[in-house]
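Please read them alongside the sequence and the coordinates.

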Amino acid sequence: MYNNNSRQLAGMPDNTYYFPVEIHNLLDALSIGGPITTRDYPFLLVIMDGSIRLVVNGFEQSLQGRSVLLCDKDFSLQLIEAQAQRAFLIEYTYTTLNHSAPRPLPCSMLPFSCSYRAAMLALELYTAWQSRSKHPFQAQRLFLELIEQIQLESEKAIYQGSDWLHSVLNHIHLHYREELTREQLAALGSISPEHFSRTFHKQIGSTFSSYMNTLRIRDVQQQLLTGTPNNLHDLAQEVGYKDGYYLSRKFKQVVGIAPTTFLHKPKRILSTNYNHTAMLLTLQTEPIMGAYSAYVQAQYPSAPNDQEQELRWDGNYGCYEQVQTLMPDVIIGYEKLSEDMKLRSIAPVVALPFMKLDWREQFRQIAEVAGKQQQAENLLEQYNMQVKLANIQLDKVLGGRGSLIIWELQENEAYTFGNRYGRGGHVLYDDLGFDIPDAIIKEGIYTAGYFQVTLEQICNYPADYIVLLDLPHSPRTERLFHSPDWLAMEAVKQHRVVILNHADLFYGFDPHSTLQQLKLLVANLAS
């Protein structure tokens with residue numbers, strides 16, 4: 001039997017109402033390489049910056065910064081890789097007031113790009129969710145704003161017809177080693193095969209099959225350059241070709257020469273950052289284009305004086321057309337470079353994960369690309385001998401090392417670094433045996449490589465030794481160094497504060513600057 005309220009609800013429109021259930025930091029909700037989990041509620045994935053790779057319902061996806069994936073309940077998730085600082089998993093539920101069937105947000109197996117506003121709304125929602133007991137309506141309001149914004153943007157993308165190509169390209173970049181057909185990809189983008197072919201050729205400048213061959217051959221070149229393949233037959237099957245003969249034929253079509261000829265010829269190398277340029281110059285190999293810091297320019301008089309910035313591809317410095325004209329045999333850089341498929345279509349990319357490889361390992365890989373392996377080993381042997389002598393000297397003066405923290409001070413904030421971000425960390429922690437303080441390990445220094453605080457907050461991170469880089473002279477730093485908190489620090493009381501005004505020298509981790517850093521650090525610590 002219906003009461004009055006039931007009759008009123010029955011007469012209401014069948015609008016669906018949405019409510020947030022849980023807002024997670026994605027990296028807290030899922031562990032990399034962890035088990036497959038199934039979500040009990042429909043959810044949104046919003047990646048604000050960086051990138052992640054995950055398997056959604058058995059389908060591998062790669063999401064870049066400022067992208068969204070809408071998923072239904074019971075979808076399974078497994079995180080494969082994450083290089084994102086801010087990524088959110090937003091679970092929600094939905095209902096109607098008149099008992100009609102509610103409508104979930106439309107889910108898609110393909111991610112789509114979102115605006116800066118949508119990404120910021122996700123961040124604000126996550127922050128508000130942490131304090132929802134005090135402000136219960138703020139999170140609800142932000143959630144509704146977010147889904148409204150995402151709906152508008154997804155409808156606009158569909159209307160413009162551009163987002164399907166981005167998603168299909170993303171799928172190709174993940175699965176180019178597999179057998180992909182035009183029909184499969186057209187179905188993925190919900191378009192006809194004919195429309196797929198026309199649009200792909202118009203937007204990309206080549207046919208789908210030619211693009212696939214280029215990606216596969218760039219993969220082969222990258223593996224030849226880094227010394228990983230066993231033989232051409234195995235390599236062919238790894239990238240999706242039937243045998244080594246067929247691979248050689250396609251290789252000649254794309255590169256112009258046979259794989260063995262490419263392997264042994266001197267390489268035209270393009271370097272995209274200061275450290276890798278400096279490593280090449282240490283090996284007496286000048287890149288056809290590189291990024292040169294002021295320190296490197298001072299050390300190598302032949303270095304160009306008009307290339308002081310690390311290479312960017314957004315129009316600020318360096319451009320794809322310029323790289324295409326230079327026709328490099330290989331492009332080297334940091335790990336994120338491997339995501340730039342425009343570059344990979346021009347030349348093979350050797351992208352080094354600097355948070356996983358120490359500077360010696362990066363130097364060895366670059367030496368292999370340049371064909372200077374023995375020269376690199378000789379330089380490393382000479383450096384390692386200097387490290388042994390330095391430790392003997394510090395053993396006599398300091399005895400045990402203890403903990404040490406590195407601060408790069410700026411006018412209003414300070415940055416501390418681990419052992420993978422230059423600033424002397426690789427020397428102090430890896431070679432001289434100082435410990436990274438527990439307080440900054442808890443802040444995630446091994447994952448992010450660095451973190452930022454206000455100037456006054458550096459007093460919250462005690463260590464046996466303090467190294468200060470790039471010391472600005474300002475009223476704020478003067479107040480800091482005369483404050484009771486600073487003066488009460490044990491390292492300050494024991495006169496274990498080292499001030500180094502050599503920012504250019506300590507920026508990098510190439511062999512030449514690393515040796516100079518070692519000498520300067522030991523001289524200061526031993527005095």
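How many positive and negative side chains does the protein have, and how far apart do the centres of the two sets lie?

1. Charge. The protein has 44 positive and 56 negative side chains. The centres of the two sets lie 4 Å apart. Lys and Arg count as positive, Asp and Glu as negative, while His and the chain ends are not counted. Each charge is placed at NZ of Lys, CZ of Arg, CG of Asp or CD of Glu.

2. Basis. This is a predicted model, in which local features need pLDDT of at least 70, side-chain atom pairs count only at pLDDT 80 or more, and totals for chains, interfaces and linings use all residues. Residues are numbered from 1 along each chain as its sequence is written, and side-chain values use heavy atoms, with hydrogens and water left out.

3. Overall dimensions and surface. The C-alpha trace spans about 90 × 70 × 40 Å along its principal axes. The accessible surface comes to about 25,900 Å², and 50% of that belongs to carbon and sulfur atoms. These areas come from the Shrake-Rupley method with a 1.4 Å probe; for residues, only the protein chains shown count as cover. Of the 527 residues, 49% are buried. Buried means under 20% relative accessible area, exposed over 50%, and partly exposed in between (1.4 Å probe, protein chains only).

4. Secondary structure and contacts. The protein comes to 25 helices and 17 strands. Both are DSSP runs numbered from the N terminus: helices are H or I with at least four residues, strands are E with at least two. Take the contacts between residues at least 6 apart in sequence: 68% of them join residues at least 24 apart. A contact means heavy atoms within 4.5 Å.

5. Helix α7. This helix covers residues 193–204, 12 residues in all. From first C-alpha to last it reaches 16 Å, close to the 16 Å expected at 1.5 Å a residue. The expected span is 1.5 Å times one less than the number of residues. F196, T199 and F200 are buried in α7. They sit on the same side of α7 because they cover an arc of only 105 degrees around the axis. The arc is that of the directions from the helix axis to the C-beta atoms. R198 and K202, on the other side of α7, are exposed. G205 follows the helix, with a positive phi near 90 degrees.

6. Helix α25. Residues 511–526 form this helix of 16 residues. Its reach is 22 Å from first C-alpha to last, close to the 22 Å expected. The buried residues are P511, S513, T514, Q517, L518, L521, V522 and L525. Down the axis of α25 these fall within an arc of 165 degrees, so they line one face of the helix.

7. Which backbone angle deserves a look at Q284? Phi is positive there, near 60 degrees, in a residue other than glycine. Q284 is in the loop between α12 (274–282) and α13 (294–299), and is exposed at 66% relative accessibility. M327 also is not a glycine, and has a positive phi of about 50 degrees. M327 is in the loop between α14 (320–326) and β11. With a relative accessible area of 60%, M327 is exposed.

8. Serines in strands. S76 lies in β7 (residues 76–82). Is S76 buried or exposed? S76 is buried, with a relative accessible area of 16%. The C-alpha atoms of S76 and T37 are separated by 5.4 Å, although these residues are 39 apart along the chain. Leaving out residues up to four places away in sequence, S76 touches I36, T37, T38, V55, V56, N57 and G58. S271 is in β10 (residues 269–271). S271 is buried too, at 0%. S271 and V350 are 79 residues apart in sequence and 9.9 Å apart, C-alpha to C-alpha.

9. A loop serine. S338 is in the loop between β11 (330–334) and α15 (341–346). S338 is partly exposed, with a relative accessible area of 28%. Beyond four places in sequence, S338 touches R344, V349 and A351. The C-alpha atoms of S338 and G256, 82 residues apart along the chain, are separated by 23 Å.

10. Helix α23. E490 lies in this helix, residues 490–493. E490 is partly exposed, at 46% relative accessible area.
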